[in-house]
Amino acid sequence: MERIDKVEELTERLASLEDSHMELTLLRATLSLPKLLYVLITVNPNRHISLWEHYDNITREGLGRIMAGTVSEGLWEESKLKISHGGKGLRSAKDHSIVAYTASVTGTWDLAAQLMGIREEELSEEAGQDRLELELGNELMDKLSEALGRPREDLTWEELKKMNQQEISVGIDARNSHLLKARMERTGDTRGLG
């Protein structure tokens, strides 16, 4: 909570720069998700989802101050996309907390098993799948499969173990981009699609 309070304070101070381009650059590069990344990889997102939502609201309000207006839901969804996908590059802590924590769990499992004295032959895929379910829990597994746009039963321990945080984030970004495009097509937003 201390980190989030500090980011909120710094985000509010951005207005004193009186340069919207610089404010957006600082919001994206230093105050948005990068400021919270260490916390995201070490804390199960199911236990602190309200904190991640609060953090996203701080970023959203900061964007609103920079743009001198209210950030609608559609604009916020677009702003969360990577710049190369037409967004503002403001990553969502709520979306990416799942990614960070999952990559941390799967990436450190072998080392943790070694430190606990578990032999490699005992690390079967089935044990890994059980560990994934135990460590991440049903709710997080559901969110991860939804975020990646894949059925839960298709996500395996071995697959996730081979993916790093960036690879999983690319899946989240692709899913967010797809959902935004589908909404624009459904509502007939030709300008947004362009």
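Me: Which residues have the most contacts inside the largest nonpolar core?

Reply: This is a predicted model. Its largest nonpolar core has 19 residues. Those with the most contacts inside it are Leu 27, Leu 36, Trp 52, Tyr 55, Leu 63 and Leu 90. Five helices each supply at least two residues of this core: α1 (2-13), α2 (20-31), α3 (37-42), α4 (49-67) and α6 (93-115). Helix α4 gives the most, with five residues.

Me: What makes a set of residues a nonpolar core?

Reply: The members must be buried, of a listed nonpolar kind, and joined through side-chain atoms within 4.5 Å. A second, separate core has 18 residues, including Leu 140, Leu 148, Leu 160 and Ile 168.

Me: Which residues is Trp 52 in contact with, leaving aside its neighbours within four places in sequence?

Reply: Trp 52 is in contact with Leu 36, Val 39, Leu 40, Val 43, Pro 45, Ala 93, Lys 94 and Ser 97. The cut-off for a contact is heavy atoms within 4.5 Å.

Me: Why is Arg 60 called buried?

Reply: Buried means under 20% relative accessible area. Arg 60 has 19%, so Arg 60 counts as buried. This residue is found in helix α4. Not counting residues up to four places away in sequence, Arg 60 touches Val 71, Ser 72, Glu 73 and Trp 76.

Me: Is Glu 18 buried or exposed, and how do you know?

Reply: Exposed means over 50%. Glu 18 has 74% relative accessibility, so Glu 18 counts as exposed. Glu 18 is found in the loop between α1 and α2. Its phi is positive, about 55°, although Glu 18 is not a glycine.

Me: And what about Ala 68: buried or exposed?

Reply: At 72% relative accessibility, Ala 68 counts as exposed. Ala 68 lies in the loop between α4 and α5 (73-79). Ala 68 has a positive phi of about 55° and is not a glycine.

Me: Why is the pair of Lys 94 and Glu 53 called a salt bridge?

Reply: The limit is 4 Å from a side-chain nitrogen of Lys or Arg to a carboxyl oxygen of Asp or Glu. The side chains of Lys 94 and Glu 53 meet at 3.3 Å, N to O. Lys 94 lies in helix α6 and Glu 53 in helix α4, so the pair ties together parts that are 41 residues apart in sequence. Lys 94 is partly exposed, at 36%. Glu 53 is partly exposed too, at 33%.

Me: What makes Arg 91 and Asp 173 a salt bridge?

Reply: The closest N and O atoms of Arg 91 and Asp 173 are 2.5 Å apart, and the limit is 4 Å. Arg 91 lies in the loop between α5 and α6 and Asp 173 in helix α9, so the pair ties together parts that are 82 residues apart in sequence. Asp 173 counts as buried, at 3% relative accessibility. Arg 91 is partly exposed, at 22%.

Me: How many salt bridges does the structure hold?

Reply: The structure holds six. Glu 77, Lys 80 and Asp 95 are linked in a network of salt bridges.

Me: How do you know that the span of helix α9 agrees with its number of residues?

Reply: Helix α9 (residues 165-187) has 23 residues. At 1.5 Å a residue, α9 should span 33 Å, and its end C-alpha atoms are 33 Å apart, so the two agree. Just after α9, Gly 188 takes a positive phi of about 75°.

Methods
Residues numbered from 1 in each chain as written. Predicted model: local features only at pLDDT ≥ 70, side-chain atom pairs only at ≥ 80, totals over all residues. Heavy atoms only, no water. Buried < 20%, exposed > 50% of the residue type's maximum accessible area, 1.4 Å probe, protein only. Helix = DSSP H or I, 4+ residues; strand = E, 2+ residues; numbered from the N terminus. Expected span 1.5 Å × (residues − 1).
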